[in-house]
Amino acid sequence: MRSVRTLLQLALTVKRTCRLHHRYYHELQRSVGIIGAPFSKGQPRGGVEGGPDRIRAAGLLSRLQHLGCAVKDYGNLMFEDVTVDEPVGTVKGVRAVGSANQRLSEAVQGVKRDGHTAVMLGGDHSLAIGSIHGHSAAVGELSVVWVDAHADINTPLTSYTGNLHGQPMSYLLHELHSKIPVLPNFSWIKPCVSARDLVYIGLRDVDPAEHYILKLLGVKAFSMSEMDRLGVARVMEETCEYLSARGRKPIHLSYDIDAIDPSVTPATGTPVVGGLTYREGVYITEHLCQTGLLSAVDLVEVNPLRGQTEEDIQSTVRTAVDLLLSCFGRLREGNHSLDYSLPVP
Ligand SMILES: [Mn+2]
């Protein structure tokens with residue numbers, strides 16, 4: 001009897017500590033380091049290199065500061081101009097992608113060593129190679145939450161298109177290391193993520209080889225079917241429970257804007273119908289923010305040249321900014337600063 005009571009007390013204490021921790025984190029000033037990565041060679045469509053500047057122009061920095069964040073903008077990375085870059089097998093842009101990601105990895109390591117939560121504005125999703133590699137090199141083992149219509153886990157040998165933005169996860173997973181051939185400018189990449197530390201959300205366009213890989217490795221994935229069945233609140237609860245069962249590791253969120261439905265975010269390279277609503281998309285970032293573990297965020301595949309109208313572009317960019325704001329404390333219920341006091345007549 002007594003042991004039961006002790007256990008109950010312990011459970012209560014743990015619960016209270018968690019709540020205190022959440023509260024503390026809410027009130028902690030966050031510091032954000034922003035890296036622009038205007039890079040598009042991981043896929044064939046020009047324009048995605050304009051993403052970082054469009055997202056900044058929509059007021060990202062000032063709005064983060066308004067939330068109480070300390071923000072440092074590291075500017076846009078300059079990438080080596082690779083003039084001769086013949087396909088390797090079917091894979092295109094290998095040397096450019098390898099070299100750009102090496103630079104990005106070093107930049108992300110710098111941002112982490114400066115003590116910020118790293119925000120990488122893409123650019124195409126091949127940039128997740130350098131972003132996750134650099135994040136892990138700086139802080140150690142990670143949990144990765146990949147929000148995307150696509151699994152981006154083709155190996156160079158399974159890819160139909162040869163586009164590297166559909167492959168980044170395959171280079172990062174320990175479990176796929178033996179399936180990756182030697183590629184020029186890729187030798188610096190060391191796998192740094194375990195399949196069990198990865199969760200997908202929003203999948204709805206998965207190639208057969210990718211589906212096979214997900215099942216083979218037992219990767220946790222909430223496709224749009226699970227989103228429909230469980231609802232976003234349950235999906236996020238299960239995501240965080242699943243990841244924290246392996247220890248509370250820093251979270252790397254890799255958010256592809258094409259996870260959201262193209263009716264909301266049309267200005268992107270590979271839109272797929274049937275995506276997340278704006279509300280589901282924002283709920284994901286709100287929830288991850290409250291874990292207190294968000295340590296790096298990618299926001300990729302915003303392509304201003306893919307919108308049919310200016311409103312298409314603005315809707316896409318505004319959504320990208322809102323997702324980032326809710327990564328850093330913006331709540332739809334409203335926010336106020338800690339030192340707010342009511343004016344007295
Ligand atoms: Mn993607």
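1. Gly-110 is partly exposed, with a relative accessible area of 27%, where buried means under 20% relative accessible area, exposed over 50% and partly exposed in between, computed with a 1.4 Å probe on protein chains only. Gly-110 sits in helix H4 (residues 94-113), helices (H or I, at least four residues) and strands (E, at least two) being DSSP runs numbered from the N terminus.

2. Residues are numbered from 1 along each chain as its sequence is written, and side-chain values use heavy atoms, with hydrogens and water left out.

3. The average pLDDT of the chain is 93, and 92% of the residues score at least 70; pLDDT is the predictor's confidence in each residue, from 0 to 100. Over residues 12-27, however, the pLDDT is below 50, and this stretch has ten contacts in the model beyond near neighbours in sequence, a contact meaning heavy atoms within 4.5 Å. Where pLDDT is low, the predicted coordinates should not be read in detail.

4. The manganese ion has as its protein donors His-125 (ND1), Asp-148 (OD), Asp-152 (OD) and Asp-256 (OD), at 2.0 to 2.2 Å. Donors are N, O and S atoms within 2.8 Å of the metal (3.2 Å for Na, K and Ca), and because water is not among the atoms, sites may look incomplete. Along the sequence, the spacing of these donor residues reads H-x22-D-x3-D-x103-D. His-125 lies in the loop between strand E3 (117-122) and helix H5 (128-139), and Asp-152 in the loop between strand E4 (143-147) and helix H6 (168-172), so the pair ties together parts that are 27 residues apart in sequence. His-125 counts as buried at 0% relative accessibility, as does Asp-152 at 5%.

5. Some backbone geometry deserves a check. Gly-122 and Gly-123 are joined by a cis peptide bond, with omega about 15°, and Gly-123 is placed in the loop between E3 and H5. Asn-185, although not a glycine, has a positive phi of about 70°; Asn-185 belongs to the loop between H6 and strand E5 (198-203) and is partly exposed, at a relative accessible area of 35%. Glu-301, also not a glycine, has a positive phi of about 75°; this residue lies in the loop between strand E8 (294-300) and helix H11 (310-327) and is buried, with a relative accessible area of 2%. Most residues other than glycine have a negative phi, and most peptide bonds are trans.

6. Helix H9 (residues 232-244) and helix H10 (residues 278-290) have axes that come within 10 Å and cross at roughly 35°, the axes being lines fitted to C-alpha atoms over the stretch in contact, with angles from 0 to 180 degrees between N-to-C directions. On the H9 side, Val-232, Ala-233, Met-236, Glu-237 and Cys-240 meet Glu-280, Tyr-283, Ile-284, His-287 and Leu-288 of H10.

7. Val-206 is found in the loop between E5 and helix H7 (208-217), and is partly exposed, with a relative accessible area of 29%. Leaving aside residues up to four places away in sequence, Val-206 touches His-211 and Leu-214.

Definitions and conventions: This is a predicted model: local features need pLDDT of at least 70, side-chain atom pairs count only at pLDDT 80 or more; totals for chains, interfaces and linings use all residues.
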